[in-house]
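Welcome! Take a moment with the sequence and the 3D view, and then let this briefing walk you through them topic by topic.

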Amino acid sequence: FRLAHQFVVKEMTILFEGEEYQHFHFNCPTDLITTPRDWNTIRYMQKHNGLDLIDDSYLPYEVLNYILSRIGHLKIFTAGHHAAQFLSTHLPTSNIVDMCQAYNFKYPLKLEDSPCFIKHPSRYCTLSKAKTLRTALQIYFVND
């Protein structure tokens, strides 16, 4: 989710070729800076996608950079300006393709439910989004 001073990753899914994937949940960054306006976003995220700022049962946020460093050599497909910008900032030399910009991709209104262990609608689940994006990639590359 996007706050005034930073983009915060609470959930991330990496799909590999075939059916393999890695799905991660992160704690909030220890240096999270919030403004009064950010609390509107935080309350919305808590209500709609199960965001819990104080839950510390997930991976420490600091491991995110390590995880990203392990995929930097791969061609990375994502959907959306904020995600692409975040990845470009952390992986400046990586080949990152924003499917929304490159192929005019839009998520359908209803996504397949996926078991990601957080109670939230599939529309807010990175695992459901990643599976939808994989299907779209297969369609785009077959039609290319």
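Two strands count as paired if DSSP finds at least two bridges between them. Keep that in mind for the strand pair described below. What you are looking at is a predicted model, and the mean pLDDT of its protein chain is 80.

**Confidence**
- In the protein chain, 83% of the residues reach a pLDDT of 70 or more.
- Among the elements of the chain, β4 has the highest mean pLDDT, at 91, while helix α1 (residues 38-49) has the lowest, at 71.

- Strands β1 (residues 11-15) and β2 (residues 21-25) run antiparallel and are joined by 5 bridges.
- One of the bridge pairs links Glu-11 with His-25 in β2, and another links Ile-14 with Gln-22 in β2.
- The two strands form a hairpin, with 5 residues lying between them.
- In the turn you will find Gly-18, which has a positive phi of about 80°.
- Strand β1 is largely enclosed by the rest of the structure, because 4 of its 5 residues are buried.

**Helix α3 and its two sides**
- Helix α3 spans residues 81-90, and its buried residues include Ala-84, Phe-86 and Leu-87.
- These residues sit on the same side of α3, because they cover an arc of only 160° around the axis.
- His-81 and Thr-89, on the other side of α3, are exposed.
- The cover over the buried residues of α3 includes α2 (63-71), β3 (76-78) and β4 (96-98).

**Nonpolar cores**
- The largest nonpolar core has 17 residues, and Met-12, Phe-26, Leu-64 and Leu-68 are those with the most contacts inside it.
- Two or more residues of this core come from each of β1, α2 and α3.
- Helix α2 gives the largest share of this core, with 4 residues.
- Apart from this core lies another one, of 9 residues, including Phe-105, Tyr-107, Leu-111 and Leu-133.

**Cysteines**
- How many disulfides does a search of the whole structure find? The search finds 0.
- Cys-125 counts as buried, because its relative accessibility is 2%.
- Cys-100 has a relative accessible area of 29%, so this cysteine is partly exposed.

**Pro-92 and the loop around it**
- Where is the place of Pro-92? This proline is in the loop between α3 and β4.
- Pro-92 counts as exposed, because its relative accessibility is 65%, and the cut-off for exposed is over 50%.
- Pro-92 and Gly-72 are 20 residues apart along the chain, and their C-alpha atoms are separated by 8.8 Å.

Conventions:
Residues numbered from 1 in each chain as written. Predicted model: local features only at pLDDT ≥ 70, side-chain atom pairs only at ≥ 80, totals over all residues. Heavy atoms only, no water. Buried < 20%, exposed > 50% of the residue type's maximum accessible area, 1.4 Å probe, protein only. Arc of directions from axis to C-beta. Contact = heavy atoms within 4.5 Å. Core = buried A, V, L, I, M, F, W, Y, C linked by side-chain atoms within 4.5 Å. pLDDT = per-residue confidence, 0-100. Disulfide = S-S within 2.5 Å.
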